[in-house]
Amino acid sequence: MAITYKRGDSFLHSLDARTKLIMFFALTFIALLFLDPLIIGSLFFGLYALAANAVGRKTIAQSSKPLIVIFTVFSLYNLYWLRPKEAIHLFYVFPWWNFFPITVEGLIRSVALFFRFFIVVLAIHTVLYTTASADLVLGLTKRESAQQFKNILIYVAIVTALLFSTINLSWGERLQNISSNAVVALGISLVASLAVAAGSYWLLSKGLPPEIGITISLGFSTVGILTEQTQKIMDAQKARGYEMEYKNPLLRMKAFASSLIPIFFATIDRAENIAIAILSRAFDFDIRNRTYRRALSFQRNDYVMLTILLLLLFAGLGINYLGWGRITEIIVRSLFFN
Amino acid sequence: MEYDIEFIDVSFTYEGAETPAIENITLRVQPGEVVLLTGPSGAGKTTLCSCLNGLVPHFHNGVLKGQVLVKGRDTKKTRVGILSSLVGLVFQDPESQLISPTVADEIAFGPENLAVPRDEIIKRVEEGLKIARLKGFEEREPHNLSGGEQQACAIAAIFAMYPEIYVMDEPTSNLDPLGTQHILSIIVKVAKERGKTLLIAEHKLEEVLPLVDRVVVMDRGRIMRDDVVKGALSKGDIEHVFVRPPLVRLAEKFQLDACPLMAEEFYPAFTQKYKLNSLTVDERPIAEKKDKGEPVIEIRGLCHSYDGVNAALNGVDLTIHRAELVSILGRNGSGKTTLVKHFNGLLKPAEGSVTVLGQDTTETTTAQLAKKVGFCFQNPNHQMITFVVKDELALGPKSLGLDKEEIERRSLEALEFVGMAGQMETDMMALGKGQKQRLALASVLTMKPEILIIDEPTTGQDPQMTEDIFEIIRRLNEEGTTVLVITHKFDYAAAYTERAVILAGGKIVYDGPMGPALMDEELLGENSLAQPQVTKLAAKLAAHNVPGDIVTVDQMSDVLSKLIAGGQDGHYI
């Protein structure tokens, strides 16, 4: 089941493609910051609520169901590795050899790990479900409004603030190693933050080259076409007396393999046709200066979303700074193992 | 005089090919001219078109001799991007040239590449949607449109680029007859309004000739004839290459001064020259009646929907008898393919029942049904699985579990049946479009099906190939195979098949003998089927006791001779 754009008019649909991309990166960043089921879990369900509101639970369930199994297996596997030294020991999975201990912390963290994977995947699914591929590509390639001075200032200010606070909250002690003078240390971190912010703006403002943008866009629109083509070819095989409708997955794989040759040729054919089609539409006329029909612009909802994300980031940093990063473990310990 | 297009002694041989695709072409087209390029498949029309925007030689490798000038630019020295901004080229298969996620993006793609300012792009998209009658389709995915809509979209995408020269390579091959007329008239109208040069490659002479100024006939890479329409028509047929529309041939036979394409022109010219009589009753050609065999396909209350909302089939009842030859007609998207896919179980009835050769299709698989029901797909490329003709032919009988000698025997027989004897060892890649279609048919025939279903076998085929295919269908039917053929070539369907089933909006709107359907102009019009000009002429001659269901030139010629002969003999009734 391919994850493709679903039309709608929800909050997420109304967001600019760039906002959603930023959302994806911000959520990923926060998910990496914590290994706590309460924090990541609540973030996960927040995102899930938004996504369910946008495309419906059924759609999300369809694409996430197989992932639940994969991530569960992965989390179980990590149970073995996730056991800090001072962990509270519960029992061994293989008591005969004292092998594979299960600890309270290990259990908690592997649940968190499950959500960590899931939130990243759910975030990217949500972006794909609610953003037209053309807008997504535009978000990656071209930034017309970003040319304005006001926008540059806002961007640089936000990123600088973010970096500056991160540096000072997370590595406050290490900064003192650079210079014992607190003011100088702060100054250095501020300048560094500014430089990185400006540099990242410069990188982002260039965007991907249009060729790559169009390649991605072609990829998006070709998936559906190739799926259809595959169906047609398999139908043709059936009509020639080849059994394709096996219940046994192994036999089904074997039947599918016989379709591979025509699918392969059809795909090559398609690629050549696409090349001819885009060349005939003056693709290489003056590619660096090509224009775009679609334009992206930040609306009220985008600012709302960006503010929320920013608050979440700061909150995350604050929680970490205050030492509540493992809040679930603290609670469980104080409740049951005191 | 500056020419828009100038070919000076041009030859092009594709890399790996032995013979040139076009040879010693010299052709000059003036600004504003509307030129028809015609000739059989493989004549080099597409190659000639591809020379104009530089795909030859920049994309397709090979040896280009001579000089092609487009607006005075040598195509050898100019990039495809620059040439494409001058020459708008629309290809035969719309599906393969649609690349964007939505219709609006598709139309905008060209202007975007040409760096047209955004406001102007939006204006051009609006205009393109209007011209192509695609308003309201802006956000639809191009590959989910019907064939006609896709073609209109591909054309709108080129119009939006405002090229200097329009080149259309068989732009109507996937379209139903009225869709064809609509698309052709749009193309010519826009080119004329903008005062631009237009080159159309097309087989459908009856539809396109009234719209063009000049005719260029090609065969085997060479230009055989190049003249204004009247001149090209007055020089006679070139066998298998340029067969003029039926009424033109009749006019020549009866030495009329006019060169009529339509019955409206033929009739007065004919009645002016000759004094007409009426046919006697015994001179009317009588259709022979065949006894109906037992039912082989029985459908009751069949409904089907792809998306659960819109019905593709809505309450279809149909019975097909053994050894019948039935054509399934209707406009693009009327449910024809959906219907026939139920006959071999590719689709199972959502509602209602389908019984094929006494078996309920829900209780068996397509592979099982395939042993008795042959199915030929619209695009032969989708059913070719191997690399050599021999292997392709053997696939079906192998799945039946036949022994080697039997497979060999059947393969040879089938190949001979479709007129490709001696090609057992031929490489698939070396086959032309017409041959592939016939091979697809042959590879189904090796299974000796009792029922044969053919979905649009003549898409993009030239008149000769179309006739070949229908001849094969007729012979098969005469040997006792039940044949159902989906087609847009209504004149051929009328000439070759005895029963017509017409679908509209997922329902059967006509099911009966071909004759009455052929004469019912209203029914045909509603279903995007164009009444053949010969039949129209027959209707005009009804007062002379001429039956209304005449389709072929031979029949009509016979009737006309009798009408005027009667005048000399005083043979009145």
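How many helices and strands does the secondary structure of chain B come to? The count is 23 helices and 20 strands, where helices (H or I, at least four residues) and strands (E, at least two) are DSSP runs numbered from the N terminus.

Hi everyone, some housekeeping before we go on. This is a predicted model, in which local features need pLDDT of at least 70 and side-chain atom pairs count only at pLDDT 80 or more, while totals for chains, interfaces and linings use all residues. Residues are numbered from 1 along each chain as its sequence is written, and chains are lettered from A and ligands numbered from 1 in the order in which they are written.

Let's stay with chain B. Its C-alpha trace spans about 70 × 65 × 50 Å along the principal axes. The radius of gyration of chain B is 25 Å, which agrees with the value near 25 Å for a compact globule of 573 residues; this is taken over C-alpha atoms, and the globule rule is 2.2 Å times the number of residues to the power 0.38. Buried residues make up 52% of the chain, buried meaning 20 or more other C-beta atoms within 10 Å of the residue's own, with C-beta atoms placed from the backbone.

Now a sheet in chain B. Four strands form an open sheet in the order S12-S11-S14-S15, with antiparallel pairing; strands pair if DSSP finds at least two bridges between them. S12 (311-321) and S15 (359-360) of chain B stand at the edges with a single partner strand each, so one side of each has no neighbour in the sheet. Further in, S11 (295-305) and S14 (351-356) of chain B pair over five bridges, and Ile299(B) has Val354(B) in S14(B) as its bridge partner.

On to where the chains meet. Here 43 residues of chain A are in contact with 51 residues of chain B, contact meaning C-beta atoms, placed from the backbone, within 7 Å. H10(A) gives the most to chain A's side, with 12 residues. That side has 23 nonpolar, nine polar and 11 charged residues; Ala, Val, Leu, Ile, Met, Phe, Trp, Tyr, Cys and Pro count as nonpolar, Asp, Glu, Lys and Arg as charged, and the others, Gly among them, as polar.

Last, a helix pair within chain A. H2 (17-33) and H5 (104-130) of chain A pack at about 175 degrees, their axes 9 Å apart. That makes H2(A) roughly antiparallel to H5(A), a label for angles over 145 degrees. Residues making this contact include Phe24(A) and Leu27(A) of H2(A) and Ile119(A) and Val120(A) of H5(A).

Definitions and conventions: Buried ≥ 20, exposed ≤ 12 C-beta atoms within 10 Å, placed from the backbone. Contact = placed C-beta atoms within 7 Å. Axes fitted to C-alpha atoms, helices over the stretch in contact; angles between N-to-C directions. Parallel < 35°, antiparallel > 145°, perpendicular 65-115°, else oblique.
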